[in-house]
Amino acid sequence: MAEVNTLEEKLAEVLGLAQAAQGATKKIEALVDDDEIKERLREMRQEAEETERRCTEAASARDGKKTAVLEKARETKAEAEEMMRTYLGDDADGLDGFEFLIMAEAGEASHWEVLGKINENGGEEGIHQLVSWAVPIQERHFRTARECALELAADEDPYEE
Ligand SMILES: [Fe+2]
């Protein structure tokens, strides 16, 4: 298989994270009852799907490297899923779910910034456009995860055992 360069490796990572985010939002949606919070998770999932679509398109535009990028993305996705399994055991509740999502979304937002920074030395317009589109969305995902966690925390009984 073709070797990926640094830029393609980072593109693969954000793609894998967008794929993993779809599973994470689905899993956490099942852990919460609040309809408004469920709706925010569904919105995040739709944006993760669109992110996956755009990243795949960017991978397709790379001469003969699409398969290699997708393969690398699968590795990242598997690693992220493994982290989620470790963090969210059978007794996980909605608040646990959002605590995990805070980490995942902060990581995702930062990965996008890294891709953008690396591309400054590459100057690829397509990647620049993609990063400019994705960074504000990922920052919002992080804020949403944090807000939802605090909302759920506000309803917790501090002395429940
Ligand atoms: Fe996200």
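Tutor: A residue is called buried when its relative accessible area is under 20%, exposed when that value is over 50%, and partly exposed in between, with a 1.4 Å probe and protein chains only. What you see is a predicted model, in which local features need pLDDT of at least 70 and side-chain atom pairs count only at pLDDT 80 or more, while totals for chains, interfaces and linings use all residues. Residues are numbered from 1 along each chain as its sequence is written, and side-chain values use heavy atoms, with hydrogens and water left out.

Let us start with arginine 53, which has a relative accessibility of 43% and therefore counts as partly exposed. Its side chain forms a salt bridge with glutamate 57, a term that stands for a side-chain nitrogen of Lys or Arg within 4 Å of a carboxyl oxygen of Asp or Glu. In this pair the closest N and O atoms are 3.1 Å apart. Both residues belong to helix α2, where they are 4 residues apart, about one turn of the helix. Helices here are DSSP runs of H or I with at least four residues (strands are runs of E with at least two), and they are numbered from the N terminus.

Helix α2 covers residues 35–60, and aspartate 35 is placed in it. Aspartate 35 has a relative accessible area of 61%, so this residue is exposed.

Glutamate 47 also lies in helix α2, but the partner of glutamate 47 comes from another helix, since arginine 140 belongs to helix α5, which spans residues 125–154. The side chains of glutamate 47 and arginine 140 meet in a salt bridge, with 2.8 Å from N to O. This pair links distant parts of the chain, the two residues being 93 residues apart.

The C-alpha atom of glutamate 139 is separated by 9.9 Å from that of tryptophan 112, although the two are 27 residues apart along the chain. If you follow the chain onward, glutamate 156 lies in the segment after α5, and its relative accessible area of 42% makes this residue partly exposed. Between glutamate 156 and leucine 95 there are 9.2 Å in space, C-alpha to C-alpha, and the two are 61 residues apart in sequence.

How many salt bridges does a search of the whole structure find? The search finds 18 salt bridges. Salt bridges can also join into a network, and one such network links Glu8, Arg62, Lys65 and Glu124.

The structure holds 0 disulfides. Cysteine 55 has 0% relative accessibility and so counts as buried, and cysteine 148, at 1%, also counts as buried.

Leucine 7 is found in helix α1, residues 6–29, and with a relative accessible area of 10% leucine 7 is buried. Leucine 7 and glycine 116 are 109 residues apart in sequence, while their C-alpha atoms are 9.3 Å apart in space. Valine 114 is found in helix α4, residues 94–120, and is partly exposed, because its relative accessible area is 36%. From valine 114 to aspartate 93, which are 21 residues apart along the chain, the C-alpha atoms are separated by 32 Å.

Notes. A disulfide is a pair of cysteine sulfur atoms within 2.5 Å.
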